[in-house]
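Here is a short briefing for a reader new to this structure. Please look over the chain before reading the points below.

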Amino acid sequence: MAEPYGGKYSPDGTPKNARDGLSLPKGGKIRSAARGFRVRFLFFASFFMFLAAIVELFAGNLIQMLWEMGAFALMFLSVFLLRGGILAAEAYNMRKVARPPSIPRKLFAAIVAGTGVFAAAWQGWGQGLFEAIGLGGLAGAALLFSFGLDPMKKKGMEGMNEFEQQRVAKAVEKAEALVAEMIDAAGRFGDRPLKRRVETLAHAARDMFRTIENDPRDLTQSRKFLSVYLKGARDATIKFADLYQHNRDTNKRADYEALLSDLETSFQEKREVLLLDDRTDLDVEIEVLRDRLKQEGLKAKI
């Protein structure tokens, strides 16, 4: 599918890499590997097994046709699992505080793909049992080598108790889901500059997520922004997308853009408050440390 032109010198001046919901330092986005060439190649390659099943059907080999169709179904399922695993890994890597995905989808994708190749090789391609096992194992290993394993460890949770870990991780996961829904709805605008404004708001929100992950104590005073404000922004974006598709009302567009500006300002100001509180806490800790060193007869150079 053709994509609209974008880049440093495009009409809206936004980076070409501003895509797919993974934030970069300047508010752009990177292209998800789940939409990359390798995943698409696996998707289309699975259809060769479907074509092989059709050939067996016309040749009157019903049993081989069923095995080939089963192999096709397994390969198709493996691509679906792989895409989900890649997206989950990218979300994990984007966050400073995260739990590993509950389901290791990339590992399951490798197992399912290997099983599909084994079934096709053994009954469809006429290979021996051990050769088919080898081909299936090679296919699964190649998939893991190409896309890597799923994240297996918690990240950024050192020094936090289990309750704090659950609170921060769950709150950020829910907030990220709201942001993703908002960006998906903006994709229906048919208005690239306005879609970029939504992405800018998403970046401001994600900046605050990272601030909260750095200091979980900020979570309590930020819950209104993570839930009420983001839910309102998501709902407003969905409703506006439904209306704007059919009626390009410039007044409604201006009202919606003003709402985005207000929300973006609110998130930025709240983040500044959180950072200021962190600096104040640090100043207090430094003063306490200085007093303690004086009591010990030492001079502090802090």
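**Briefing**

Phe76 is partly exposed, because its relative accessibility is 37%, a value between the 20% and 50% cut-offs. The model is a predicted one. Its secondary structure amounts to 8 helices and 0 strands. The points below go from the aromatic rings to the helix packing, and then to the whole chain.

**The ring pair of Phe43 and Phe76**

- The structure contains 14 aromatic pairs.
- In one of them, the ring centres of Phe43 and Phe76 are 5.6 Å apart and the planes stand at 50°, so this pair is tilted.
- The two partners come from distant parts of the chain: Phe43 sits in helix α1 and Phe76 in helix α2, 33 residues apart.
- Phe43 has a relative accessible area of 28%, so Phe43 counts as partly exposed.
- Both rings belong to a cluster: ring pairs link Phe43, Phe44, Phe47, Phe50, Phe72 and Phe76.

**The ring pair of Phe189 and Phe240**

- Phe43 is partly exposed, at 28% relative accessible area.
- For the rings of Phe189 and Phe240, the centres are 5.2 Å apart and the planes are at 90°, so the pair is edge-to-face.
- Phe189 is buried, because its relative accessible area is 1%, under the 20% cut-off.
- Phe240 is buried too, with a relative accessible area of 7%.

**Helix α1 against helix α2**

- Two packed helices are described by the angle between their axes and the distance between the axes.
- Helix α1 packs with helix α2 (residues 62-94) at an angle of about 170°, and the axes are 8 Å apart.
- The angle makes α1 roughly antiparallel to α2, because it is over 145 degrees.
- On the α1 side, the contact includes Val39, Leu42, Phe43, Phe47 and Phe50.
- On the α2 side, the residues met include Met65, Met69, Phe72, Phe76 and Ile86.
- By class, this contact has 18 nonpolar, 2 polar and 3 charged residues.

**Helix α1 against helix α4**

- Helix α1 (residues 37-58) also packs with helix α4 (residues 129-147), at an angle of about 155° and with the axes 11 Å apart.
- That angle makes α1 roughly antiparallel to α4.
- The crossing of these two helices, α1 and α4, is left-handed.
- Arg38, Val39 and Leu42 of α1 make the contact with Leu143, Ser146 and Phe147 of α4.
- The residues of this contact divide into 4 nonpolar, 1 polar and 1 charged.

- Trp67 is part of helix α2.
- Its relative accessible area is 32%, so Trp67 is partly exposed.
- Leaving aside neighbours within four places in sequence, Trp67 is in contact with Ala119, Trp122 and Gln123.
- Trp67 and Ala120 are 53 residues apart in sequence, yet 6.4 Å apart in space, C-alpha to C-alpha.

**The whole chain**

- Along the sequence, the pattern is α-α-α-α-α-α-α-α.
- Of the 302 residues in the protein, 37% are buried.
- Among contacts between residues at least 6 apart in sequence, 69% join residues at least 24 apart.

Definitions and conventions. Residues are numbered from 1 along each chain as its sequence is written. This is a predicted model: local features need pLDDT of at least 70, side-chain atom pairs count only at pLDDT 80 or more; totals for chains, interfaces and linings use all residues. Side-chain values use heavy atoms; hydrogens and water are left out. Axes are lines fitted to C-alpha atoms, for helices over the stretch in contact, and angles run from 0 to 180 degrees between N-to-C directions. Helices (H or I, at least four residues) and strands (E, at least two) are DSSP runs, numbered from the N terminus. Angles under 35 degrees count as roughly parallel, over 145 as roughly antiparallel, 65 to 115 as roughly perpendicular and the rest as oblique. A crossing is left-handed if the near helix is turned anticlockwise from the far one by less than a right angle, and right-handed if clockwise. Contact means heavy atoms within 4.5 Å. Ala, Val, Leu, Ile, Met, Phe, Trp, Tyr, Cys and Pro count as nonpolar, Asp, Glu, Lys and Arg as charged, and the others, Gly among them, as polar. Buried means under 20% relative accessible area, exposed over 50%, partly exposed in between (1.4 Å probe, protein chains only). Rings of Phe, Tyr and Trp (its six-membered ring) pair if their centres lie within 6.5 Å; planes under 30 degrees apart count as stacked, over 60 as edge-to-face and the rest as tilted.
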